[in-house]
Amino acid sequence: MSVKRLCDINSFKSILNSSKNILVLTGAGVSAESGIPVFRGPGGFWNNHNAMELATVNAFQRSPSLVWGFYNFRRKIAFNAKPNKAHVALAKLEKEFEESPGRKMTLITQNVDGLHVRAGSKNIIQLHGALDQVKCTNPNCRVITLNMNVPITPAFSNDEMSNEELAGIQFSELPKCQLCNSLVRPHILWFGESYNHNVLARCGDLAEQCDLCILVGTSMTVYPANQFALTVADSGRTVAEFNLNPEASKDNFKFFFSGPCGITLPHALGYDNL
Ligand code: BJW
Ligand code: ZN
């Protein structure tokens, strides 16, 4: 079923105001205006590697130092970035909902940059992990710890290292688990890895229960995160999408707001003076 697409702020606001249960799903585009490159676009390369090919278990097994080089670079950018107005607007919306009895907003982000948390979002699921956490690779340990070290170890202090130099970093110089001294990896969900079953079930429930889904800055290419908004739209409930690029949007998303979400989202939510 195809419905007429709207970009009418007043109609959106009226649905927003009557919604009791909102699900927000964000992707890389929400952080683009904070200077963090999106995945599918010109910024999706690092040292001539496609970022998608480094975000795999195989790449890490082949060369943990190369993959750590990539994440060392990403961590530095994310830790130095500041939440933009879109992050701040979503944190403000959550607070408003929290203070209004019987209303609830939950944020599912595919982003690993931590900017929603730093903007003040609390009811948040970081579906693909977090750059500031590391996970032990020892199957008998698997402990997850907060790690804000930049560089991740002294071996990564030179930002200009070539692929060959990175590949030459010794195992002894890679980051290790504080409990068992095994190699740690970024706590990120890589391609082909399974989501935590309980987390995924919770996301599915949120999609079943919400009366409005707000989709911000995602290409909707990654399965199964791309299914949540479809669940909402396919059952006739409202999806409002905020994206730079209208082309990839689905016909049965009721609203589409085109443009940089640091501008369009605060405006649509009624926060013009952030
Ligand atoms: C703006 C803007 C502005 C820009 N304002 N908008 C073949 C081989 C292997 C796997 C598969 C396969 N076929 C299918 C699969 C499954 C795979 C998948 O979906 N692949 C597809 C890509 C084909 N999925 C998986 O492997 C997942 N696991 C899985 O399915 O397990 C099986 C299972 C299922 C169910 C239950 C149990 C088990 C895991 C996927 C994990 C993905 N992780 C990544 C990498 C993290 C690494 C890292 O960050 O270092 O997460 S992939 C990458 O894509 C990252 C993102 O979170 C994710 C989504 O991307 P996102 O956020 O949409 O970004 P972009 O760049 O694509 O789009 C940006 C958008 O913003 C654009 O639309 C712009 O227009 C817009 N924009 N500026 C507003 N200012
Ligand atoms: Zn360990």
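Author: Cys136 has a relative accessible area of 0% and is therefore buried. The word buried means under 20% relative accessible area, exposed means over 50%, and partly exposed is in between, with a 1.4 Å probe and protein chains only. The model is predicted, so local features need pLDDT of at least 70 and side-chain atom pairs count only at pLDDT 80 or more, while totals for chains, interfaces and linings use all residues. Residues are numbered from 1 along each chain as its sequence is written, chains are lettered from A and ligands numbered from 1 in the order in which they are written, and side-chain values use heavy atoms, with hydrogens and water left out.

Cys136 belongs to a metal site. Together with Cys141, Cys177 and Cys180, Cys136 coordinates the zinc ion (ligand 2), each through its SG atom, at 2.2 to 2.4 Å. Donors are N, O and S atoms within 2.8 Å of the metal (3.2 Å for Na, K and Ca), and since water is not among the atoms, sites may look incomplete. The angles among the 4 donor atoms run from 95 to 117°, and the site is tetrahedral. Four donors count as tetrahedral if all angles lie between 85 and 135 degrees. The ideal angle for four tetrahedral donors is 109.5 degrees.

Along the sequence, the donor residues follow the spacing C-x4-C-x35-C-x2-C. Cys136 in strand β6 (residues 129–136) and Cys177 in the loop between α8 (163–167) and β8 (184–188) are 41 residues apart, a pair that links distant parts of the chain. Helices (H or I, at least four residues) and strands (E, at least two) are DSSP runs, numbered from the N terminus. Cys177 also counts as buried, because its relative accessibility is 6%.

Some neighbours in sequence complete this part. Arg142 lies in the loop between β6 and β7. Its phi is positive, about 55°, although Arg142 is not a glycine. Arg142 counts as partly exposed because its relative accessibility is 42%. Further along, the peptide bond from Val150 to Pro151 is cis, with omega near -5°, and Pro151 sits in the loop between β7 (144–146) and α8. Helix α8 holds Glu165, which is partly exposed because its relative accessibility is 45%. Glu165 and Ser65 are 100 residues apart along the chain, and their C-alpha atoms are separated by 9.4 Å.

The other ligand can be described for reference. Ligand 1 is surrounded by 37 residues, and the closest are Arg40, Tyr71, Ser219, Tyr223 and Asn243. A residue is near a molecule if one of its heavy atoms lies within 4 Å of it. Oxygen atoms of ligand 1 lie 2.6 Å from a polar side-chain atom of Asn243, 2.7 Å from a polar side-chain atom of Thr218 and 2.8 Å from a backbone N or O atom of Ala28. On its own, ligand 1 has 1500 Å² of accessible area, and the protein covers 77% of it. Accessible areas come from the Shrake-Rupley method with a 1.4 Å probe, and for residues only the protein chains shown count as cover.

Arg40 is partly exposed because its relative accessibility is 42%. Leaving aside residues up to four places away in sequence, Arg40 touches Met52, Phe191, Ser219, Thr221 and Val222. Contact means heavy atoms within 4.5 Å. The side chains of Arg40 and Thr221 make a polar contact at 3.2 Å. A polar contact is a pair of N or O atoms within 3.5 Å; within protein, one must be able to donate a hydrogen and the other to accept it, and residues adjacent in sequence count only if both atoms are side-chain atoms.

Met220 is found in the loop between β9 and α10. Met220 has a positive phi, near 60°, in a residue other than glycine, and it counts as buried because its relative accessibility is 10%. Pro224 lies in the loop between β9 and α10, and the peptide bond to it from Tyr223 is cis, with omega near 5°.

How values were computed
Four donors count as tetrahedral if all angles lie between 85 and 135 degrees; four count as square planar and six as octahedral if opposite donors are over 155 degrees apart and all others between 65 and 115; anything else is irregular.
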